[in-house]
Amino acid sequence: MILRLSSTASRLTLLSLSAVLAGSLVYFSLRNARAENLAGSQAPPGLDRAVQLEPGNARHWYLLGHYWQYNLDQPDTARAIRDYRSALSFDPRSPATWLDLADAYEAEGDEKSAREAFLEAKSSFPISADVAWRYGNFLLRRGEVPAALAEIRRSLVAEPGRAAEAVSVCWRAVPDMQTILDHALPATREVYLSAIGVLSNRQETDAALAVWARLAALQPKLKLRDVNSLVDALLFKKQIAAARKVWTESLAFAGVARPDDPAGSLIWDGGFETDVTEGFAWRIQSARGAQAAIDGSVRHSGSRSLRIHFDGSQNTGFEHVCEFAAVEPGASYQFSAWMRAEAVTTDRGVHFRLYTPGMPANPPAATAAVRGTEPWTRVTLPWTAGKDVHLVQVCVARSPSEKLDNKIAGTVWVDDITLIPETAAPAQRSGTRPAAPGKPGKKGQP
């Protein structure tokens, strides 16, 4: 429809109204922009001016209350409460405002008002992980444990990434893992792994084992590194049988088959045929002047060996390739390994050393060392566990030299490492495996 104006006065009137409307829009737009800019300053003068410019803007009142509640220099909780109340008068269903108001009431010692504010937040946003989390923590502080754990569980169902923090909070308040498992932690892989990580780092191994039992019942798909912290914590606490059990179960959950080691050997992957470096497998590290790595071109048998190359720059003390093995107290064992050396200098060569961790009264035992240039040579060592020994650590080692010419250079390979109980049949102690088809060993290999 086309509006036709019959007189000049009518046209001027319409033009004036349009100008007033346009001016009003410009004014309010500029005022809004100015208020937003002032509110963004996060400082009282700007926030105060923002609420003066737009007294009906709930966000500006909320930001002002937030400033007075959490300002470290001059907090004013009572003023924060007034500002939050002003914000809620314009937006009564803001869960963030209700939550901060609840915290402010709690800080003022007004538990009744704090609880009411938390419940208003729940009513406004019943599926919020943050609302359930903060209300659950409030209830924990009040000692209302069952209700608190139920709220924390709701938060984890919505946001499993909070699991590590949830376990820490719950464990401080209720150091009973079965209760926490039953009432606070959803039965999921992600939540249980987070719980295991937190408890293992705290050396709360019994609690961590309780979580592991729940996780194992789920038959989860895992990676070995997921439970490495638990195995290490159990080894540190000398809970060797439990560590071995977790390690064995985690291999199954990770889909990792045991390597083709000689029957009866307690060494896992004595031929370095896998890339597993956690738990009861080889821990392989380099050191200053010494580089340790898997070698697929030189081996005694199978398809790989471990190579340690010394670059001649250091008088290296090397104990950086090690593996733990669970043993029986008082039992006797035969240790065996194959070693090869190429141009290894100094009077101190490379050998194997067997330790009993955490038991300094038991001296380590060592094999003969290789140095210079030697073909594949078998080294052996009879070893008996002490009466209280449940764990042995086998390491490739080199002691620093006391000579002037002490910077070691050259390369050593190791392969086919076994630790076999003396009761095992002789055929189980051969220490060798057939070479992989199509991958013959290099010249000089038996």
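Alanine 58 lies in helix H3; helices (DSSP types H or I, at least four residues) and strands (type E, at least two residues) are DSSP runs numbered from the N terminus. The structure is a predicted model, in which local features need pLDDT of at least 70 and side-chain atom pairs count only at pLDDT 80 or more, while totals for chains, interfaces and linings use all residues. Residues are numbered from 1 along each chain as its sequence is written, and side-chain values use heavy atoms, with hydrogens and water left out.

## The helical part

Alanine 58 counts as buried because its relative accessibility is 16%. Here, buried means under 20% relative accessible area, exposed means over 50%, and partly exposed lies in between, with a 1.4 Å probe and protein chains only. Apart from its neighbours within four places in sequence, alanine 58 is in contact with Ala87, Phe90 and Asp91, where contact means heavy atoms within 4.5 Å. The C-alpha atoms of alanine 58 and arginine 85 are separated by 9.6 Å, and these two residues are 27 residues apart along the chain.

Threonine 77 is placed in helix H4. Threonine 77 also has a relative accessibility of 16% and therefore counts as buried. Beyond its neighbours within four places in sequence, threonine 77 is in contact with Trp68, Ala104, Ala107 and Glu108.

Helix H5 comprises the 13 residues 95–107, which should span 18 Å at 1.5 Å a residue; the end C-alpha atoms are 18 Å apart, so the two values agree. The expected span is 1.5 Å times one less than the number of residues in the helix. The buried residues of H5 are Thr97, Trp98, Leu99, Asp100, Leu101, Ala102, Asp103, Ala104 and Tyr105. The cover over these residues includes helix H3 (58–70), helix H4 (77–90), helix H6 (111–124) and helix H7 (129–141). After H5 comes glycine 109, whose phi is positive, near 85 degrees.

## The sheet

An open sheet of 5 strands has the order E2-E3-E10-E5-E8, with antiparallel pairing. Strand E2 (290–295) and E8 stand at the edges with a single partner strand each, so one side of each is left without a neighbour in the sheet. From one strand to the next, the twist averages 25 degrees. For such angles, axes are lines fitted to C-alpha atoms (for helices, over the stretch in contact), and values run from 0 to 180 degrees between N-to-C directions.

Two strands pair if DSSP finds at least two bridges between them.

| Strands | Sense | Bridges |
|---|---|---|
| E5 (residues 332–344) and E8 (residues 372–384) | antiparallel | 10 bridges |
| E5 and E10 (residues 409–421) | antiparallel | 9 bridges |
| E3 (residues 305–311) and E10 | antiparallel | 6 bridges |

Serine 336 has threonine 380 in E8 as its bridge partner. Opposite threonine 411 in E10 stands glutamate 342, and opposite tryptophan 413 in E10 stands arginine 340. Valine 412 in E10 faces alanine 341, and valine 412 is also the bridge partner of isoleucine 308.

Strand E5 is mostly covered, with 10 of its 13 residues buried. In E10, 11 of the 13 residues are buried, so this strand is largely enclosed by the rest of the structure.

## The disulfide

A disulfide is a pair of cysteine sulfur atoms within 2.5 Å, and the count by this rule comes to 1 disulfide. Cysteine 322 and cysteine 395 form it, with their sulfur atoms 2.0 Å apart. The torsion about their S-S bond is about 115 degrees, so the disulfide is right-handed. Cysteine 322 lies in strand E4 (residues 318–326) and cysteine 395 in strand E9 (residues 391–398), so the pair ties together parts that are 73 residues apart in sequence. Both cysteine 322 and cysteine 395 are buried. Cysteine 170 likewise counts as buried because its relative accessibility is 0%.

## The protein overall

The protein has 14 helices and 10 strands. Of its 446 residues, 46% are buried. Among the contacts with a separation of 6 or more, 67% involve residues 24 or more positions apart. The accessible surface comes to about 21700 Å², and 54% of it belongs to carbon and sulfur atoms. Accessible areas come from the Shrake-Rupley method with a 1.4 Å probe; for residues, only the protein chains shown count as cover.
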